[in-house]
Amino acid sequence: MRKKLVSGIKPTGTLHLGNYFGALKQFVDLQNEYDSNIFIADFHALTTIQEKEVLEKNIINIATDYLAAGIDPNKVNLFKQSDIPEVTQAAWIFNCITTMPFLMRAHSFKDAEAKDKEINVGVFDYPILMAADILLPSADVVPVGKDQKQHVEITRDIAEKFNRIYGETFKLPKPIILEETETVPGIDGRKMSKSYGNIIPLFATDEEIEKAVMSIRTDSKAPDEPKNPDEVIIYQIHKLILNEEEDKKIRGRYESGIGYKEAKDLLIKDLKSFIKPMREKREYWVNNPQKVKRILKKGAKKAKKEISKKMDEVRNKIGMNL
Ligand code: TYM
């Protein structure tokens, strides 16, 4: 039997190169090898989005992005999380076997708490819902960027605890985090993130690519000064889209001295040819929203079958099936 892959992305705005190289590209590369559940984490998005129109637009946009990036709905169960309400039931059950001090150690909670005193309970409980997403479909692997590593570890702990209390029920999932792309930097050198405003959108127009690349932070080295490519943000982003041979050539240019203006021009040129085919593919799905919605419904129906079976097993184990 094929192994199971589960992962999702929150519909909180424009997808960027960090989402693509950290997660989405893996979903596409692994879709022939694994039985995959890929979803739009719309329940999770509620921790930050409270406008109906915005959420609706973001959900359809992410679905379109998934398809444009190469997710094949004939191979993958592609769906939106809220079409599987069983995950919220499981999350409640997991809430009741998880302690507050354990969840308080989550980086995402600590970061949010440091920034926002009016933090909602959803932010605190976020890893529990993720555990439900992952455990109910019995995931073997969870491809994600490094920032989600701790969430997968929490998921494993919850699975172990449930199994200890109620008997063997859940598989322990493993994250798949690719070393080269585990944290893609943004144009200011920090992790690329919507909330930092430092992104290069995955489906950027040529103008957006130019604008973003021209804003990449550089130091004050003279154009002909030798540079260590690994310390230059332009290169760190460029290497994501270079093959081995091109990479060697570009590294050589940095080492013998390339001006940042020229380095940016080369990156702009390569990013344009990398993004263009995906942007064109996206057009097709933008013009066929009914098809996109049908794909999501069909994916949810397939995912729900196995998930509700597991949920039934859980209800049985905890003493709710009389
Ligand atoms: P989200 O929507 O914040 O991010 C989606 C995926 O993109 C990865 N990522 C990055 N990887 C490398 N470099 C970056 N700069 C970068 N920025 C984002 C994230 O690591 C993630 O893999 N909690 C999840 C959504 C979720 C989920 C799940 C994931 C809900 N349930 C179950 C896996 C399994 C999130 O907010 O991802």
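The legends below describe several close-up views of a predicted model of a protein chain with a ligand.

**View 1. The two domains of the protein chain.** The domain assignment divides the chain into domain 1, made up of residues 4-183 + 289-318, and domain 2, which covers residues 203-283. The sequence of domain 1 is therefore given in two segments, with domain 2 numbered between them. Taken over C-alpha atoms, the centres of domain 1 and domain 2 are separated by 32 Å.

**View 2. The interface between domain 1 and domain 2.** Where the two domains meet, 11 residues of domain 1 are in contact with 9 residues of domain 2. Between them the domains bury about 910 Å², and 72% of this area lies on carbon and sulfur atoms. On the side of domain 1, the residues that lose the most area to domain 2 are Leu17, Phe21 and Ala68, which together account for 51% of what that side buries.

**View 3. Polar and charged pairs across the interface.** The rule finds 1 salt bridge across the interface of domain 1 and domain 2, and for polar contact it finds 2 residue pairs there, both at pLDDT 80 or more. A salt bridge is formed by Arg282 with Asp65, whose closest N and O atoms are 2.5 Å apart.

**View 4. The side of domain 1 that touches domain 2.** Two or more residues of this side are given by each of the elements α1 (17-30) and α3 (52-69), and the largest share, 6 residues, comes from α3. Sorted by residue type, the side of domain 1 that touches domain 2 divides into 6 nonpolar residues, 4 polar residues and 1 charged residue.

**View 5. The surroundings of the ligand.** The ligand is surrounded by 27 residues, of which Lys10, Tyr126, Asp133, Asp147 and Val184 are the closest. In the side chain of Tyr126, an N or O atom is 2.6 Å from an oxygen atom of the ligand, while a polar backbone atom of Gly145 is 2.9 Å from an oxygen atom of the ligand. For Gln148, an N or O atom in the side chain is 3.1 Å from a nitrogen atom of the ligand.

**View 6. The backbone at Ser138.** Ser138 is found in the loop between helix α7 (121-135) and strand β4 (141-143). The phi angle of Ser138 is near 55°, which is a positive value in a residue other than glycine.

Technical notes: Residues numbered from 1 in each chain as written. Predicted model: local features only at pLDDT ≥ 70, side-chain atom pairs only at ≥ 80, totals over all residues. Heavy atoms only, no water. Contact = heavy atoms within 4.5 Å. Buried area = accessible area lost by both parts, 1.4 Å probe. Salt bridge = Lys/Arg side-chain N within 4 Å of Asp/Glu carboxyl O. Polar contact = N/O pair within 3.5 Å; in protein donor to acceptor, adjacent residues only side chain to side chain. Helix = DSSP H or I, 4+ residues; strand = E, 2+ residues; numbered from the N terminus. Nonpolar A, V, L, I, M, F, W, Y, C, P; charged D, E, K, R; others polar. Near = heavy atom within 4 Å.
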